[in-house]
Amino acid sequence: MILFLVSCAQEAEDDTGLIVGHKSVADAFTVSLPTDGAYGAGQVLSFSLTHPAPLTVTGNPYLTLTVGEDVKQATYSSGSGTRTITFSYTIASGDEDFDGINLDAAINLNGGSIQYSNNGVLHTAPSSISSVPTTSEVIVGTSTPVIIGFSTPVPRTYHSGESMFFILTFDDQMLVSGTPRLQLDVGGVTRYANYVSGTGTSIMIFKYDIGNTDFDSDGLLISSPVDLNGGSITDVFGNNANLVFSTPGSTMIYIDGTAPFVESVSPGVNKTYFNGELINIDLVFNDTVTVNTTGGTPSIQLTIGSTTRNANYVSGTGTNTLRFQYLVVGGDIDSDGIRLGTQIALNGGTIQDAGTDDALLDYVAPLTPNIFVYGLTPAIVSVTAPADGDYVTSGNLDFTIKYSEPVAVTNVPRISLTIGGNTRVASYLEGTGTDELIFRYTVQASDNDNNGITFQSNLIDVATGSAAI
(Lines give C-alpha, C1' and ligand atoms only; values in the text may rest on other atoms or scores of the structure.)
Protein backbone atom coordinates (compact mmCIF):
# COMPACT_ATOMS: atom_id res chain seq x y z
CA MET A 1 0.00 0.00 0.00
CA ILE A 2 1.38 3.45 -0.97
CA LEU A 3 0.41 6.47 1.02
CA PHE A 4 0.08 9.65 -1.01
CA LEU A 5 0.28 12.78 1.08
CA VAL A 6 -1.01 16.17 0.05
CA SER A 7 -1.55 19.46 1.78
CA CYS A 8 -4.34 19.45 4.33
CA ALA A 9 -5.53 22.68 2.82
CA GLN A 10 -6.38 20.90 -0.41
CA GLU A 11 -10.01 19.80 -0.59
CA ALA A 12 -10.06 18.62 -4.22
CA GLU A 13 -8.08 16.33 -6.52
CA ASP A 14 -4.53 17.57 -7.27
CA ASP A 15 -2.69 17.13 -10.58
CA THR A 16 -1.96 13.47 -9.88
CA GLY A 17 -5.64 12.61 -10.06
CA LEU A 18 -5.51 11.03 -6.59
CA ILE A 19 -8.21 11.46 -3.96
CA VAL A 20 -6.99 13.89 -1.32
CA GLY A 21 -7.93 14.59 2.26
CA HIS A 22 -5.40 12.23 4.01
CA LYS A 23 -6.74 9.18 2.18
CA SER A 24 -4.48 6.40 0.94
CA VAL A 25 -4.93 4.52 -2.34
CA ALA A 26 -3.63 1.13 -3.44
CA ASP A 27 -0.57 1.02 -5.70
CA ALA A 28 -2.20 -1.58 -8.00
CA PHE A 29 -3.50 -2.09 -11.51
CA THR A 30 -7.06 -3.01 -12.34
CA VAL A 31 -7.75 -4.50 -15.78
CA SER A 32 -10.56 -4.14 -18.29
CA LEU A 33 -10.89 -7.05 -20.73
CA PRO A 34 -12.22 -7.35 -24.27
CA THR A 35 -16.00 -7.78 -24.41
CA ASP A 36 -17.09 -11.41 -24.23
CA GLY A 37 -17.64 -12.75 -27.71
CA ALA A 38 -16.14 -14.38 -30.78
CA TYR A 39 -13.18 -12.74 -32.51
CA GLY A 40 -11.77 -13.49 -35.92
CA ALA A 41 -8.69 -12.72 -37.97
CA GLY A 42 -7.78 -9.03 -38.07
CA GLN A 43 -9.84 -8.12 -35.03
CA VAL A 44 -8.11 -6.52 -32.04
CA LEU A 45 -8.17 -7.70 -28.44
CA SER A 46 -7.64 -4.68 -26.15
CA PHE A 47 -6.68 -4.82 -22.47
CA SER A 48 -6.74 -1.62 -20.37
CA LEU A 49 -4.75 -1.28 -17.13
CA THR A 50 -5.82 1.50 -14.75
CA HIS A 51 -3.69 2.90 -11.91
CA PRO A 52 -4.62 5.53 -9.30
CA ALA A 53 -1.89 7.88 -10.57
CA PRO A 54 -0.91 9.08 -14.04
CA LEU A 55 1.49 6.72 -15.77
CA THR A 56 4.56 7.22 -17.93
CA VAL A 57 5.46 4.42 -20.33
CA THR A 58 8.73 3.93 -22.15
CA GLY A 59 9.75 1.16 -24.55
CA ASN A 60 7.39 -1.67 -25.53
CA PRO A 61 5.96 -3.48 -22.49
CA TYR A 62 3.51 -6.28 -23.22
CA LEU A 63 1.01 -8.66 -21.62
CA THR A 64 1.25 -12.38 -22.23
CA LEU A 65 -1.79 -14.19 -23.70
CA THR A 66 -2.42 -17.84 -24.34
CA VAL A 67 -4.55 -18.37 -27.46
CA GLY A 68 -5.32 -22.05 -27.82
CA GLU A 69 -1.89 -23.66 -27.36
CA ASP A 70 0.07 -20.63 -28.51
CA VAL A 71 1.61 -17.81 -26.46
CA LYS A 72 0.94 -14.35 -27.86
CA GLN A 73 1.86 -10.79 -26.84
CA ALA A 74 -0.55 -7.91 -26.36
CA THR A 75 1.82 -4.95 -26.77
CA TYR A 76 1.52 -1.49 -25.26
CA SER A 77 -0.36 0.79 -27.67
CA SER A 78 -1.44 3.98 -25.89
CA GLY A 79 -2.15 5.85 -22.64
CA SER A 80 1.19 7.26 -21.40
CA GLY A 81 0.49 10.42 -19.37
CA THR A 82 -2.91 9.16 -18.20
CA ARG A 83 -4.01 6.74 -15.54
CA THR A 84 -5.10 4.09 -18.10
CA ILE A 85 -2.76 2.38 -20.53
CA THR A 86 -3.87 0.01 -23.29
CA PHE A 87 -2.31 -3.20 -24.61
CA SER A 88 -3.48 -4.69 -27.90
CA TYR A 89 -3.23 -7.95 -29.81
CA THR A 90 -4.38 -8.31 -33.42
CA ILE A 91 -5.71 -11.81 -34.10
CA ALA A 92 -3.66 -13.53 -36.78
CA SER A 93 -4.59 -16.24 -39.23
CA GLY A 94 -4.31 -19.63 -37.54
CA ASP A 95 -5.30 -18.42 -34.07
CA GLU A 96 -7.92 -20.73 -32.60
CA ASP A 97 -9.30 -20.86 -29.05
CA PHE A 98 -12.83 -22.11 -28.50
CA ASP A 99 -12.79 -22.33 -24.69
CA GLY A 100 -11.49 -18.83 -23.97
CA ILE A 101 -8.10 -17.12 -24.06
CA ASN A 102 -5.94 -16.78 -20.94
CA LEU A 103 -4.32 -13.56 -19.74
CA ASP A 104 -1.17 -13.80 -17.60
CA ALA A 105 -1.10 -11.46 -14.59
CA ALA A 106 2.52 -10.49 -15.12
CA ILE A 107 3.47 -7.34 -17.03
CA ASN A 108 6.59 -7.89 -19.13
CA LEU A 109 8.46 -4.56 -19.36
CA ASN A 110 10.49 -5.90 -22.28
CA GLY A 111 13.35 -3.47 -21.45
CA GLY A 112 10.98 -0.54 -21.05
CA SER A 113 9.36 0.96 -17.97
CA ILE A 114 6.00 1.90 -16.44
CA GLN A 115 6.15 4.60 -13.76
CA TYR A 116 3.70 6.82 -11.92
CA SER A 117 4.16 10.26 -10.45
CA ASN A 118 3.32 11.36 -6.91
CA ASN A 119 3.93 15.00 -6.14
CA GLY A 120 6.50 15.17 -8.88
CA VAL A 121 8.38 12.02 -7.84
CA LEU A 122 8.44 9.00 -10.24
CA HIS A 123 7.82 5.53 -8.83
CA THR A 124 7.97 2.15 -10.55
CA ALA A 125 4.47 0.79 -11.11
CA PRO A 126 3.59 -2.78 -10.08
CA SER A 127 4.82 -5.54 -12.40
CA SER A 128 1.61 -7.53 -12.31
CA ILE A 129 -2.14 -7.19 -12.32
CA SER A 130 -3.66 -7.64 -8.88
CA SER A 131 -6.61 -9.71 -10.04
CA VAL A 132 -7.32 -11.09 -13.53
CA PRO A 133 -11.00 -11.76 -14.27
CA THR A 134 -11.98 -14.83 -16.29
CA THR A 135 -11.62 -14.65 -20.04
CA SER A 136 -13.37 -17.95 -20.81
CA GLU A 137 -15.97 -16.19 -22.98
CA VAL A 138 -13.41 -14.44 -25.16
CA ILE A 139 -13.08 -17.00 -27.94
CA VAL A 140 -11.03 -16.87 -31.12
CA GLY A 141 -11.41 -18.50 -34.52
CA THR A 142 -9.75 -17.67 -37.81
CA SER A 143 -10.49 -20.63 -40.07
CA THR A 144 -12.27 -19.68 -43.28
CA PRO A 145 -15.73 -21.28 -43.45
CA VAL A 146 -16.29 -23.33 -46.60
CA ILE A 147 -19.27 -24.77 -48.44
CA ILE A 148 -19.38 -28.55 -48.07
CA GLY A 149 -22.63 -29.33 -49.84
CA PHE A 150 -25.00 -28.01 -52.50
CA SER A 151 -28.51 -29.30 -53.22
CA THR A 152 -30.60 -28.38 -56.24
CA PRO A 153 -34.38 -28.69 -56.71
CA VAL A 154 -35.80 -32.06 -57.76
CA PRO A 155 -35.06 -32.60 -61.47
CA ARG A 156 -38.29 -32.00 -63.41
CA THR A 157 -40.05 -29.28 -65.39
CA TYR A 158 -41.05 -26.21 -63.38
CA HIS A 159 -43.81 -23.83 -64.38
CA SER A 160 -44.86 -20.22 -63.91
CA GLY A 161 -45.68 -19.43 -60.29
CA GLU A 162 -43.68 -22.34 -58.89
CA SER A 163 -40.64 -21.86 -56.65
CA MET A 164 -37.27 -23.59 -56.85
CA PHE A 165 -35.14 -23.92 -53.71
CA PHE A 166 -31.34 -24.29 -53.60
CA ILE A 167 -29.51 -25.29 -50.42
CA LEU A 168 -25.89 -24.56 -49.48
CA THR A 169 -24.36 -26.39 -46.51
CA PHE A 170 -21.40 -24.78 -44.71
CA ASP A 171 -18.95 -26.43 -42.32
CA ASP A 172 -19.96 -24.07 -39.49
CA GLN A 173 -22.81 -21.89 -38.31
CA MET A 174 -23.03 -18.77 -40.44
CA LEU A 175 -24.37 -15.24 -40.05
CA VAL A 176 -25.96 -13.64 -43.09
CA SER A 177 -26.65 -9.98 -43.75
CA GLY A 178 -28.33 -8.44 -46.77
CA THR A 179 -29.56 -10.65 -49.61
CA PRO A 180 -26.82 -12.83 -51.10
CA ARG A 181 -27.87 -14.69 -54.25
CA LEU A 182 -27.02 -17.47 -56.68
CA GLN A 183 -26.68 -16.71 -60.37
CA LEU A 184 -28.79 -18.87 -62.66
CA ASP A 185 -28.86 -19.27 -66.42
CA VAL A 186 -32.46 -19.78 -67.52
CA GLY A 187 -32.42 -20.42 -71.26
CA GLY A 188 -29.59 -17.96 -71.77
CA VAL A 189 -31.09 -15.30 -69.50
CA THR A 190 -29.43 -14.42 -66.18
CA ARG A 191 -31.72 -14.85 -63.18
CA TYR A 192 -30.99 -14.93 -59.44
CA ALA A 193 -32.09 -17.19 -56.61
CA ASN A 194 -32.17 -14.97 -53.53
CA TYR A 195 -31.23 -15.93 -49.99
CA VAL A 196 -34.35 -16.47 -47.85
CA SER A 197 -33.31 -18.18 -44.61
CA GLY A 198 -30.63 -19.96 -42.57
CA THR A 199 -28.67 -17.31 -40.66
CA GLY A 200 -27.41 -18.76 -37.38
CA THR A 201 -27.25 -22.25 -38.85
CA SER A 202 -25.02 -24.10 -41.30
CA ILE A 203 -27.80 -24.33 -43.91
CA MET A 204 -28.48 -21.47 -46.32
CA ILE A 205 -31.64 -21.57 -48.47
CA PHE A 206 -32.04 -19.64 -51.73
CA LYS A 207 -35.27 -19.35 -53.75
CA TYR A 208 -36.18 -18.51 -57.33
CA ASP A 209 -39.80 -17.96 -58.43
CA ILE A 210 -40.54 -19.02 -62.01
CA GLY A 211 -41.81 -16.13 -64.15
CA ASN A 212 -44.29 -16.39 -67.02
CA THR A 213 -41.58 -15.64 -69.58
CA ASP A 214 -39.00 -18.12 -68.27
CA PHE A 215 -38.16 -20.99 -70.59
CA ASP A 216 -35.28 -23.47 -70.53
CA SER A 217 -35.47 -26.69 -72.49
CA ASP A 218 -31.84 -27.84 -72.15
CA GLY A 219 -31.37 -27.65 -68.38
CA LEU A 220 -30.87 -24.89 -65.82
CA LEU A 221 -27.26 -23.77 -65.22
CA ILE A 222 -25.96 -22.54 -61.84
CA SER A 223 -22.86 -20.38 -61.37
CA SER A 224 -20.31 -20.35 -58.54
CA PRO A 225 -19.43 -18.47 -56.34
CA VAL A 226 -22.25 -17.01 -54.26
CA ASP A 227 -22.91 -13.38 -55.18
CA LEU A 228 -22.94 -11.40 -51.90
CA ASN A 229 -24.97 -8.65 -53.58
CA GLY A 230 -23.75 -6.13 -51.01
CA GLY A 231 -24.42 -8.45 -48.08
CA SER A 232 -22.13 -10.76 -46.12
CA ILE A 233 -21.77 -14.37 -45.02
CA THR A 234 -19.46 -14.84 -42.03
CA ASP A 235 -18.99 -17.22 -39.16
CA VAL A 236 -19.55 -16.11 -35.56
CA PHE A 237 -15.91 -14.96 -35.42
CA GLY A 238 -16.48 -12.58 -38.30
CA ASN A 239 -14.45 -14.61 -40.79
CA ASN A 240 -15.74 -14.25 -44.34
CA ALA A 241 -16.84 -17.52 -45.91
CA ASN A 242 -15.25 -19.01 -48.99
CA LEU A 243 -18.21 -18.75 -51.38
CA VAL A 244 -17.01 -21.14 -54.08
CA PHE A 245 -19.02 -24.35 -54.44
CA SER A 246 -19.21 -27.28 -56.85
CA THR A 247 -21.96 -26.96 -59.42
CA PRO A 248 -23.55 -29.88 -61.27
CA GLY A 249 -22.72 -30.10 -64.94
CA SER A 250 -26.25 -31.06 -65.90
CA THR A 251 -29.17 -30.36 -63.57
CA MET A 252 -31.97 -31.91 -65.66
CA ILE A 253 -34.06 -29.04 -64.31
CA TYR A 254 -36.25 -27.62 -67.05
CA ILE A 255 -38.42 -24.53 -67.01
CA ASP A 256 -41.54 -23.74 -69.01
CA GLY A 257 -43.13 -20.60 -67.67
CA THR A 258 -45.18 -19.94 -70.81
CA ALA A 259 -47.31 -23.09 -71.19
CA PRO A 260 -50.58 -23.38 -69.24
CA PHE A 261 -50.51 -26.05 -66.58
CA VAL A 262 -52.79 -27.66 -64.00
CA GLU A 263 -52.56 -25.78 -60.71
CA SER A 264 -54.96 -27.94 -58.72
CA VAL A 265 -57.36 -30.87 -58.98
CA SER A 266 -60.85 -31.08 -57.46
CA PRO A 267 -61.68 -34.81 -57.39
CA GLY A 268 -65.37 -34.60 -56.55
CA VAL A 269 -67.52 -35.17 -53.48
CA ASN A 270 -66.36 -37.68 -50.87
CA LYS A 271 -69.06 -40.36 -50.93
CA THR A 272 -69.96 -43.77 -52.33
CA TYR A 273 -70.89 -43.68 -56.01
CA PHE A 274 -73.35 -46.27 -57.26
CA ASN A 275 -74.16 -47.77 -60.61
CA GLY A 276 -75.24 -45.00 -63.01
CA GLU A 277 -73.80 -42.11 -60.98
CA LEU A 278 -71.29 -39.63 -62.36
CA ILE A 279 -67.88 -38.90 -60.78
CA ASN A 280 -66.85 -35.33 -61.68
CA ILE A 281 -63.17 -34.38 -61.67
CA ASP A 282 -62.18 -30.75 -62.26
CA LEU A 283 -58.70 -29.72 -63.42
CA VAL A 284 -57.93 -26.07 -62.64
CA PHE A 285 -55.32 -24.44 -64.92
CA ASN A 286 -53.24 -21.35 -64.25
CA ASP A 287 -54.73 -19.70 -67.34
CA THR A 288 -57.78 -19.83 -69.59
CA VAL A 289 -57.58 -22.76 -71.99
CA THR A 290 -59.43 -23.85 -75.11
CA VAL A 291 -60.25 -27.50 -75.76
CA ASN A 292 -60.58 -28.76 -79.35
CA THR A 293 -62.22 -32.18 -79.59
CA THR A 294 -62.33 -32.37 -83.40
CA GLY A 295 -59.61 -35.00 -83.47
CA GLY A 296 -60.60 -36.70 -80.20
CA THR A 297 -61.75 -36.14 -76.64
CA PRO A 298 -59.15 -35.67 -73.88
CA SER A 299 -59.43 -37.94 -70.87
CA ILE A 300 -57.78 -38.74 -67.56
CA GLN A 301 -57.32 -42.10 -65.97
CA LEU A 302 -58.67 -43.30 -62.66
CA THR A 303 -58.26 -46.65 -61.00
CA ILE A 304 -61.37 -48.23 -59.50
CA GLY A 305 -60.39 -51.25 -57.48
CA SER A 306 -57.75 -52.74 -59.75
CA THR A 307 -59.41 -51.66 -62.99
CA THR A 308 -58.30 -48.65 -65.04
CA ARG A 309 -61.15 -46.44 -66.24
CA ASN A 310 -61.20 -43.18 -68.23
CA ALA A 311 -62.97 -39.98 -67.24
CA ASN A 312 -63.68 -38.02 -70.41
CA TYR A 313 -63.63 -34.25 -70.90
CA VAL A 314 -67.17 -32.84 -70.92
CA SER A 315 -66.99 -29.06 -70.38
CA GLY A 316 -64.94 -25.98 -69.51
CA THR A 317 -63.38 -24.76 -72.74
CA GLY A 318 -62.81 -21.00 -72.62
CA THR A 319 -62.30 -21.06 -68.84
CA ASN A 320 -59.48 -22.18 -66.56
CA THR A 321 -61.41 -25.22 -65.26
CA LEU A 322 -61.98 -28.37 -67.30
CA ARG A 323 -64.44 -31.00 -66.14
CA PHE A 324 -63.90 -34.71 -66.73
CA GLN A 325 -66.63 -37.28 -65.96
CA TYR A 326 -66.83 -40.99 -65.37
CA LEU A 327 -70.13 -42.91 -65.31
CA VAL A 328 -70.10 -45.78 -62.80
CA VAL A 329 -71.06 -49.06 -64.48
CA GLY A 330 -72.03 -52.45 -63.19
CA GLY A 331 -69.08 -54.31 -61.73
CA ASP A 332 -67.17 -51.20 -60.56
CA ILE A 333 -66.15 -51.67 -56.93
CA ASP A 334 -63.64 -49.75 -54.83
CA SER A 335 -63.82 -49.91 -51.05
CA ASP A 336 -60.54 -48.14 -50.18
CA GLY A 337 -60.77 -45.06 -52.40
CA ILE A 338 -60.25 -44.55 -56.12
CA ARG A 339 -56.89 -43.32 -57.42
CA LEU A 340 -56.45 -40.57 -60.00
CA GLY A 341 -53.91 -40.66 -62.81
CA THR A 342 -51.34 -37.89 -63.19
CA GLN A 343 -51.53 -37.07 -66.91
CA ILE A 344 -54.12 -35.89 -69.41
CA ALA A 345 -54.46 -38.07 -72.51
CA LEU A 346 -55.29 -35.81 -75.49
CA ASN A 347 -56.58 -38.70 -77.64
CA GLY A 348 -56.15 -36.52 -80.74
CA GLY A 349 -57.66 -33.40 -79.17
CA THR A 350 -55.83 -30.27 -78.04
CA ILE A 351 -55.71 -28.05 -74.95
CA GLN A 352 -54.13 -24.64 -75.56
CA ASP A 353 -54.01 -21.12 -74.17
CA ALA A 354 -54.95 -17.98 -76.13
CA GLY A 355 -51.44 -17.87 -77.61
CA THR A 356 -51.81 -21.47 -78.89
CA ASP A 357 -49.25 -22.74 -76.37
CA ASP A 358 -50.00 -26.39 -75.72
CA ALA A 359 -50.94 -27.10 -72.13
CA LEU A 360 -48.66 -29.24 -70.02
CA LEU A 361 -50.34 -32.58 -69.48
CA ASP A 362 -48.80 -33.70 -66.20
CA TYR A 363 -50.36 -32.73 -62.89
CA VAL A 364 -50.15 -33.63 -59.22
CA ALA A 365 -53.11 -35.78 -58.29
CA PRO A 366 -54.54 -35.54 -54.78
CA LEU A 367 -55.21 -38.60 -52.68
CA THR A 368 -58.86 -39.69 -52.74
CA PRO A 369 -59.24 -42.23 -49.90
CA ASN A 370 -62.89 -41.26 -49.28
CA ILE A 371 -64.30 -41.63 -52.78
CA PHE A 372 -65.77 -45.12 -52.95
CA VAL A 373 -67.52 -46.96 -55.76
CA TYR A 374 -70.13 -49.68 -55.57
CA GLY A 375 -71.45 -50.53 -59.01
CA LEU A 376 -73.01 -53.92 -58.25
CA THR A 377 -76.80 -54.30 -58.69
CA PRO A 378 -78.54 -56.11 -55.84
CA ALA A 379 -79.93 -59.43 -57.08
CA ILE A 380 -83.07 -61.31 -55.99
CA VAL A 381 -81.95 -64.64 -54.60
CA SER A 382 -85.34 -66.06 -53.52
CA VAL A 383 -89.07 -65.39 -53.35
CA THR A 384 -91.23 -66.86 -50.58
CA ALA A 385 -94.96 -67.00 -51.30
CA PRO A 386 -97.71 -67.09 -48.66
CA ALA A 387 -98.23 -70.46 -47.00
CA ASP A 388 -100.56 -72.86 -48.82
CA GLY A 389 -104.18 -72.60 -47.69
CA ASP A 390 -107.53 -70.93 -48.20
CA TYR A 391 -107.61 -67.17 -47.74
CA VAL A 392 -110.86 -65.32 -47.13
CA THR A 393 -111.85 -61.67 -47.36
CA SER A 394 -109.44 -59.39 -45.47
CA GLY A 395 -106.87 -62.13 -45.31
CA ASN A 396 -103.27 -61.04 -46.01
CA LEU A 397 -101.12 -62.62 -48.69
CA ASP A 398 -97.47 -61.78 -47.80
CA PHE A 399 -94.64 -62.30 -50.29
CA THR A 400 -91.01 -62.14 -49.08
CA ILE A 401 -88.34 -61.20 -51.63
CA LYS A 402 -84.77 -61.81 -50.50
CA TYR A 403 -81.88 -59.80 -52.06
CA SER A 404 -78.19 -60.53 -52.23
CA GLU A 405 -77.53 -57.56 -49.93
CA PRO A 406 -79.41 -54.91 -47.96
CA VAL A 407 -81.44 -52.49 -50.09
CA ALA A 408 -83.08 -49.14 -49.51
CA VAL A 409 -86.67 -48.57 -50.64
CA THR A 410 -88.28 -45.30 -51.64
CA ASN A 411 -91.97 -44.78 -52.44
CA VAL A 412 -94.10 -47.97 -52.83
CA PRO A 413 -92.83 -50.63 -55.25
CA ARG A 414 -95.23 -53.52 -56.02
CA ILE A 415 -95.55 -56.90 -57.66
CA SER A 416 -98.42 -58.00 -59.94
CA LEU A 417 -100.56 -61.08 -59.23
CA THR A 418 -103.30 -62.95 -61.10
CA ILE A 419 -106.18 -64.00 -58.87
CA GLY A 420 -109.04 -65.83 -60.63
CA GLY A 421 -108.23 -64.13 -63.92
CA ASN A 422 -108.06 -60.66 -62.37
CA THR A 423 -104.95 -58.52 -61.96
CA ARG A 424 -104.12 -57.57 -58.43
CA VAL A 425 -100.98 -55.93 -56.85
CA ALA A 426 -99.11 -56.74 -53.66
CA SER A 427 -97.60 -53.48 -52.40
CA TYR A 428 -94.33 -53.00 -50.52
CA LEU A 429 -94.91 -53.23 -46.77
CA GLU A 430 -91.54 -53.24 -44.96
CA GLY A 431 -87.89 -54.25 -45.00
CA THR A 432 -85.93 -51.22 -46.22
CA GLY A 433 -82.32 -51.32 -45.00
CA THR A 434 -82.35 -55.13 -44.90
CA ASP A 435 -81.95 -57.84 -47.52
CA GLU A 436 -85.63 -58.97 -47.23
CA LEU A 437 -88.62 -56.99 -48.49
CA ILE A 438 -92.21 -57.93 -47.70
CA PHE A 439 -95.05 -57.21 -50.15
CA ARG A 440 -98.71 -57.64 -49.08
CA TYR A 441 -102.03 -58.13 -50.83
CA THR A 442 -105.25 -58.07 -48.78
CA VAL A 443 -108.00 -60.36 -50.17
CA GLN A 444 -111.10 -58.52 -51.38
CA ALA A 445 -114.71 -59.76 -51.22
CA SER A 446 -114.85 -60.25 -54.99
CA ASP A 447 -111.65 -62.32 -55.18
CA ASN A 448 -112.13 -66.01 -56.03
CA ASP A 449 -109.44 -68.43 -57.21
CA ASN A 450 -109.78 -72.20 -56.91
CA ASN A 451 -106.69 -73.03 -59.02
CA GLY A 452 -104.06 -71.05 -57.08
CA ILE A 453 -102.83 -67.51 -57.56
CA THR A 454 -99.89 -66.74 -59.90
CA PHE A 455 -97.33 -63.97 -60.54
CA GLN A 456 -97.98 -62.02 -63.71
CA SER A 457 -94.21 -61.44 -64.23
CA ASN A 458 -90.87 -61.89 -62.52
CA LEU A 459 -90.33 -58.11 -62.22
CA ILE A 460 -90.97 -55.68 -59.41
CA ASP A 461 -92.93 -52.69 -60.64
CA VAL A 462 -90.95 -49.62 -59.54
CA ALA A 463 -93.07 -47.14 -61.46
CA THR A 464 -94.24 -45.89 -58.11
CA GLY A 465 -91.04 -46.50 -56.22
CA SER A 466 -87.51 -47.82 -56.31
CA ALA A 467 -85.39 -50.42 -54.63
CA ALA A 468 -81.69 -49.75 -54.44
CA ILE A 469 -78.69 -50.29 -52.20
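## The loop around T251

T251 sits in the loop that links β22 (232-235) and β23 (254-256); strands here are DSSP runs (E, at least two residues), numbered from the N terminus. T251 is buried, at a relative accessible area of 6%, where buried means under 20%, exposed over 50% and partly exposed in between (1.4 Å probe, protein chains only).

Its side chain gets to the backbone oxygen of L220 at 2.8 Å. Leaving aside residues up to four places away in sequence, T251 touches P155, G219, L220 and I222, with contact taken as heavy atoms within 4.5 Å.

## About the model

This is a predicted model: local features need pLDDT of at least 70, side-chain atom pairs count only at pLDDT 80 or more, and totals for chains, interfaces and linings use all residues. Residues are numbered from 1 along each chain as its sequence is written, and side-chain values use heavy atoms, with hydrogens and water left out.

Now for β39 (residues 436-442).

β39 runs antiparallel to β35 (residues 396-403), joined by seven bridges, and T400 stands opposite I438. β38 (residues 422-430) is also antiparallel to β39, with three bridges, and there S427 faces R440. Strands pair if DSSP finds at least two bridges between them. Five residues separate β38 from β39 in a hairpin, and G431 in the turn has a positive phi of about 120 degrees.

Notes. Helices (H or I, at least four residues) and strands (E, at least two) are DSSP runs, numbered from the N terminus. A polar contact is a pair of N or O atoms within 3.5 Å; within protein, one must be able to donate a hydrogen and the other to accept it, and residues adjacent in sequence count only if both atoms are side-chain atoms.
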